[in-house]
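Dear colleague,

I am passing on the structure that we spoke about, and would be glad if you could look it over alongside the notes below.

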Amino acid sequence: LDTLEEWVKEIFSEIPNNGLPRPSFGHLTQPFDTPEFHKLYRVVPIRKVHSLTITWALPPQEQYYRVKPLHYISWLVGHEGKGSVLSFLRKKFWALALYGGNGETGFEQNSTYSIFSISVTLTDEGYKHFYEVAHVVFQYVKMLQKRGPDKRQVIWEEIQKIEANEFHYQEQTDPVDYVESLCENMQLFQKEDFLTGDQLLFEYKPEV
């Protein structure tokens with residue numbers, strides 16, 4: 001550690017500190033509030049695949065990293081068991097897979113907005129009924145909105161335990177990639193959360 005500390009001092013001590021806070025673009029609200037984003041876009045793929053992606057631009061969520069509300073919602077949306085969206089669509093032979101969430105990267109989550117997407121891999125039959133598929137997805141999201149998370153702390157705690165296990169038993173990563181990740185975390189999280197802020201869930205706040 002002493003050797004590493006000397007290297008850090010030698011390499012980085014000459015970098016000037018301008019004393020300025022990190023840039024924030026929180027004043028740029030509603031970045032996607034344009035008529036062009038309230039449309040259905042059809043894209044012809046190169047390979048033979050049918051995919052329906054629904055994307056919402058939400059207010060910034062990065063300040064809620066200790067709660068991770070989008071991770072919680074994506075867990076419910078991506079559930080594959082009885083009563084799930086995917087289970088229903090599979091029974092109709094309309095879908096093969098479903099994924100929902102936010103990548104928590106700079107493009108998908110920053111001080112201006114947070115992206116939340118739900119992507120459904122459709123069968124040929126599902127492609128013929130993609131309007132109905134979209135309707136089912138919106139129905140499910142509406143149901144989650146109506147019921148709310150108040151009685152679902154059990155689900156949140158389950159997610160918390162799974163993420164904690166994955167954190168504690170994760171494989172060793174490349175040191176350079178790990179340092180880069182920590183440097184990014186230092187711009188986003190409180191000091192005590194530099195190592196864990198991007199992975200662990202700390203607080204259950206249903207209002208968030």
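This is a predicted model: local features need pLDDT of at least 70, side-chain atom pairs count only at pLDDT 80 or more; totals for chains, interfaces and linings use all residues.

Residues are numbered from 1 along each chain as its sequence is written, and side-chain values use heavy atoms, with hydrogens and water left out.

Helices and strands are DSSP runs numbered from the N terminus (helices H or I, at least four residues; strands E, at least two). The model holds an open sheet of 3 strands in the order β1-β3-β2, with antiparallel pairing, where two strands pair if DSSP finds at least two bridges between them. Because β1 (50-58) and β2 (95-101) stand at the edges with a single partner strand each, one side of each is left without a neighbour in the sheet. On average, and ignoring direction, neighbouring strands of this sheet are turned by 10° against each other. Strand β3 (residues 114-122) runs antiparallel to β2 and is joined to β2 by 6 bridges; the partner of A95 in β3 is L122.

Helix α2 packs on this sheet, touching β1, β2 and β3, and its direction makes about 15° with that of β3; contact means heavy atoms within 4.5 Å, and angles run from 0 to 180 degrees between N-to-C directions, with axes fitted to C-alpha atoms, for helices over the stretch in contact. Helix α5 (residues 130-147) lies across β1 and β3, running at about 40° to β1.

Helix α2 (residues 69-77) also packs against helix α6 (residues 153-168), at an angle of about 100° and with the axes 11 Å apart. That makes α2 roughly perpendicular to α6 (65 to 115 degrees). The contact is made by H71, Y72, W75 and L76 of α2 together with I155, W156, E158, I159, I162 and E163 of α6.

The whole structure contains 6 aromatic pairs (ring centres within 6.5 Å, using the six-membered ring of Trp). The rings of W56 and F138 have their centres 5.6 Å apart and their planes at 65°, so this pair is edge-to-face (over 60 degrees). The pair links W56 in strand β1 to F138 in helix α5, 82 residues apart.

Finally, an unreviewed UniProt entry annotates residues 167-207 as "domain: Peptidase M16 middle/third", though such annotations may be inferred rather than shown by experiment.

Definitions and conventions:
Angles under 35 degrees count as roughly parallel, over 145 as roughly antiparallel, 65 to 115 as roughly perpendicular and the rest as oblique. Rings of Phe, Tyr and Trp (its six-membered ring) pair if their centres lie within 6.5 Å; planes under 30 degrees apart count as stacked, over 60 as edge-to-face and the rest as tilted.
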